[in-house]
Amino acid sequence: MSKNKWYRKVEGMSTKKRIIILFVAAHLTLLAMMLFTFPRINAKMQTQAFDLKTFGYSSTEALAMIRNLDQATIDFYIFPQLFLLDLLYPLLLAMFLSACMVRLFKLTAIRSDHLISNIFLLPFVAMFFDYLENISIYFMISGEGVPSNGLIRAASLFTSLKSGFTIISWVIILIFLLIFLNNKRLARKANTSKG
């Protein structure tokens, strides 16, 4: 799919109502993970689950975490965590963040053919790395024997990249929101001085 077609699809989701729906759906899914799956996984691992380690993890740390898991927790981590909730959440979050960006571009007069408008794709890059992280975690915890250092390093890198692109997406939204609010303030000031 071309960038323009993808942009138009996201633009269709960038109404106030749809953004609110996406926000609620994404954060209800996150809430389910934080209240239901992660507490059980974290308790067994005796630390935060792989997905929650923003800056990744070392091979030593990962192996210690895996050793703490029993089969019931591994099964629970695989489903519903990795292949239900953590399939839905990255998609919903990417759609929400991207729709917010596109709406703010319109409000700050950034056209869809402007080079800067390409950053609306960043949340989907984060989603892609989140899915690669899920697949890597699956192989780390479900395989026979000890996972290789290469697999652990790859999983850790995907976790860091997912976190990084998500943080960058939120920062971009904040910057454009501040630009929009400042433009609004200046316009109001100009109208007041005319009056």
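In which helix does Pro-80 lie? Pro-80 lies in helix α4, where helices (H or I, at least four residues) and strands (E, at least two) are DSSP runs numbered from the N terminus. The peptide bond that leads from Phe-79 to Pro-80 is cis, with an omega near 25°. Most residues other than glycine have a negative phi, and most peptide bonds are trans.

This is a predicted model, in which local features need pLDDT of at least 70 and side-chain atom pairs count only at pLDDT 80 or more, while totals for chains, interfaces and linings use all residues. Residues are numbered from 1 along each chain as its sequence is written, and side-chain values use heavy atoms, with hydrogens and water left out.

## Overall build

The protein chain contains six helices and zero strands, and when it is read along the sequence the pattern is α-α-α-α-α-α. Its C-alpha atoms fill a box of roughly 75 × 30 × 25 Å, taken along the principal axes. Of the contacts in the protein chain with a separation of 6 or more, 80% are accounted for by residues 24 or more positions apart, a contact being heavy atoms within 4.5 Å.

Of the 195 residues in the protein chain, 42% are buried; buried means under 20% relative accessible area, exposed means over 50%, and partly exposed lies in between, with a 1.4 Å probe and protein chains only. The protein chain exposes about 10800 Å², and carbon and sulfur atoms supply 67% of that area, as given by the Shrake-Rupley method with a 1.4 Å probe.

## The nonpolar core

The largest nonpolar core has 51 residues, and those with the most contacts inside it are Met-45, Phe-50, Tyr-77, Met-140 and Ile-141. Such a core is a set of buried Ala, Val, Leu, Ile, Met, Phe, Trp, Tyr and Cys residues joined through side-chain atoms within 4.5 Å. At least two residues of this core come from each of α1 (3-12), α2 (16-45), α3 (59-67), α4 (71-107), α5 (122-142) and α6 (149-194), and α4 gives the most, with 19 residues. In soluble globular proteins, nonpolar side chains tend to be buried together.

Not counting residues up to four places away in sequence, Tyr-77 touches Ile-41, Met-45, Ala-49, Phe-50, Asp-51, Leu-82, Ile-137 and Ile-141.

## Two loop residues with positive phi

Gln-46 is found in the loop between α2 and α3, and it has a positive phi of about 60° although it is not a glycine. With a relative accessible area of 66%, Gln-46 is exposed.

Ala-109, in the loop between α4 and α5, likewise has a positive phi of about 60° without being a glycine. Ala-109 is exposed, and its relative accessible area is 65%.

## Charges and salt bridges

The structure holds four salt bridges, each a side-chain nitrogen of Lys or Arg within 4 Å of a carboxyl oxygen of Asp or Glu.

One of them joins the side chains of Lys-53 and Glu-61, at 3.0 Å from N to O; Lys-53 is buried, with a relative accessible area of 10%, whereas Glu-61 is partly exposed, with a relative accessible area of 30%. Another links Asp-113 with Arg-111, whose closest N and O atoms are 3.0 Å apart, and both of these residues are exposed. A further salt bridge brings together the side chains of Lys-162 and Glu-133, at 3.2 Å from N to O. Lys-162 lies in helix α6 and Glu-133 in helix α5, so this pair ties together parts that are 29 residues apart in sequence. Lys-162 and Glu-133 are both buried.
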